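Please open the model in a viewer and keep the sequence panel in view.

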Amino acid sequence: APEEVRTAARQQTMQEAAAQAVHTEAFLQLYRALRAEGLAPVVVKGIVCRARYPQPDLRPSGDEDLYLAPEEMPRFHAVLLRAGFVLAEPERDYRTAHEARYVQPRTGLVVEGHWALFPTEYEVYTALNAQLTGLEERAQDWETGGVTLRIPDPSDHLIFLLLHAFKHFVSSGVGVRQLCDIALWMNYYGVQIDWPRVRTALCATRSEGFAAAVMDAGMRWFGLDRAAAHINWPVLDSAPLLDDALSGGVYGSADMTRKHSCTITIRAADQAHRGGVGRASLRAALFPGRDVMANWYPYVARCPALLPAAWAQRIWRYLRTRGKDTSAQGSLRIGAQRVELLRQYGVL
């Protein structure tokens, strides 16, 4: 690349690495405070995955994810407020949502507290949660930066990483960083993984073909040692998956057009999970169900009768943004393309 491009990339990388170092230290301070209050939430992704990278701070985290029991939520919320965090979405009722997102303005650290590892408004997501029942009882202590964190055992965390990537795959798209995380995790913990349990979880969620493509991508492009995968996986070409991931960016949701297309693909995957025929649907894009809309428009949760008003607001936003960074036509096109990709990997 030209020198000016490389210079800009270096500067951005240095800024992101410096910010990540600040966020990591702030997170460890927060976890100390949680421990002091008798809380030990299970840490997933984020700092746990970064530890497997040669230079951890060069693996950016958009947030840090903590999993704890619903009854621990009030104390968790109070600790975060005392630590200077505020709710990133104050309009949502953190007591009823499956997660709450907090940001610390002073450092920029974002933390998500999860009372369920995956959303609950679709049956296809509920099935993902069912594969990790008892994760907190099997969690292990892990010390980093002078702080003892609770993290999933290697098998649970691999199942979570694969199913979390699958959740993104059936919505707006899996991110490249997730593919890297999985490859590095398998390389490091391969011999410790309970592979039959992994296979069972994937079969139960119709994600076995997707996982096979993820592993093929890992072996072809992300340094995954074939011997680290202790299952005779079916051979599936990962090139379409990688093309979709690159289009989606680091996190799998490069722009609002892809994000808005997620209702099409999630609805198709949910139909298939319930024994129906998954297909692209204009109705799914424009008229999501009440539980889904309540996540985006909190007034629907407070007053379900306002669901038609939320649909109208959603459609108006589509029309208003036509020709900008998102459009209804573009979302429908991407949704239809991604439904075919789901079909290619056996999700539908």
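**Aromatic pairs**

In this predicted model, a search of the whole structure finds 10 aromatic pairs. Begin by selecting Phe27 and Tyr31, whose rings form a tilted pair, with 6.3 Å from centre to centre and 50° between the planes. Both residues belong to helix 1 (residues 3–36), where they are 4 residues apart, about one turn of the helix. Phe27 is buried, and Tyr31 is buried as well.

Next, select Phe169 and Phe210. Their ring centres are 4.8 Å apart and their planes meet at 25°, so this pair is stacked; the angle falls under the 30 degrees that the stacked class requires. The pair links distant parts of the chain, since Phe169 lies in helix 6 (residues 154–169) and Phe210 in helix 9 (residues 208–221), 41 residues apart. How accessible is Phe169? Its relative accessibility is 0%, so Phe169 counts as buried. Phe210 also counts as buried because its relative accessibility is 1%.

**A charge over a ring**

Select Arg52 together with Tyr188. Arg52 lies over the face of the Tyr188 ring, at 3.7 Å from the ring centre.

**The hairpin of strands 6 and 7**

Move to strand 6 (residues 140–144) and strand 7 (residues 147–151), which run antiparallel and are joined by 5 bridges. The two strands form a hairpin with 2 residues between them. In the turn, select Gly145, which has a positive phi of about 60°.

Which residues of strand 7 are the bridge partners of Asp141 and Glu143? For Asp141, the partner is Arg150. For Glu143, the partner is Thr148.

Colour strand 7 by accessibility: 4 of its 5 residues are buried, so the strand is largely enclosed by the rest of the structure. Select Ile151, which is placed in strand 7. Ile151 counts as buried because its relative accessibility is 6%.

Display helix 1 with helix 3 (residues 73–82). The axes of these helices come within 10 Å and cross at roughly 135°. Helix 1 and helix 3 are therefore oblique to each other. The crossing of helix 1 past helix 3 is right-handed.

Then display helix 6 with helix 7 (residues 176–189). These helices pack at an angle of about 160°, and their axes are 10 Å apart. Helix 6 is therefore roughly antiparallel to helix 7, since the angle is over the 145 degrees that this class requires. Helix 6 passes helix 7 in a left-handed crossing.

The last stop concerns backbone geometry. Most residues other than glycine have a negative phi.

Select Lys45, a residue other than glycine whose phi is positive, near 55°. Where is Lys45 found? Lys45 is in the loop between strand 1 (42–44) and helix 2 (46–50). With a relative accessible area of 12%, Lys45 is buried, because buried denotes a value under 20%.

Finally, select Arg206. Arg206 is not a glycine, yet its phi is positive, at about 60°. This residue is placed in the loop between helix 8 (195–204) and helix 9. Is Arg206 buried or partly exposed? Its relative accessible area is 32%, so Arg206 is partly exposed.

Key:
Residues are numbered from 1 along each chain as its sequence is written. This is a predicted model: local features need pLDDT of at least 70, side-chain atom pairs count only at pLDDT 80 or more; totals for chains, interfaces and linings use all residues. Side-chain values use heavy atoms; hydrogens and water are left out. Two strands pair if DSSP finds at least two bridges between them. Rings of Phe, Tyr and Trp (its six-membered ring) pair if their centres lie within 6.5 Å; planes under 30 degrees apart count as stacked, over 60 as edge-to-face and the rest as tilted. Buried means under 20% relative accessible area, exposed over 50%, partly exposed in between (1.4 Å probe, protein chains only). A charge sits over a ring if NZ of Lys or CZ of Arg is within 6 Å of the ring centre and within 35 degrees of the ring normal. Axes are lines fitted to C-alpha atoms, for helices over the stretch in contact, and angles run from 0 to 180 degrees between N-to-C directions. Angles under 35 degrees count as roughly parallel, over 145 as roughly antiparallel, 65 to 115 as roughly perpendicular and the rest as oblique. A crossing is left-handed if the near helix is turned anticlockwise from the far one by less than a right angle, and right-handed if clockwise.
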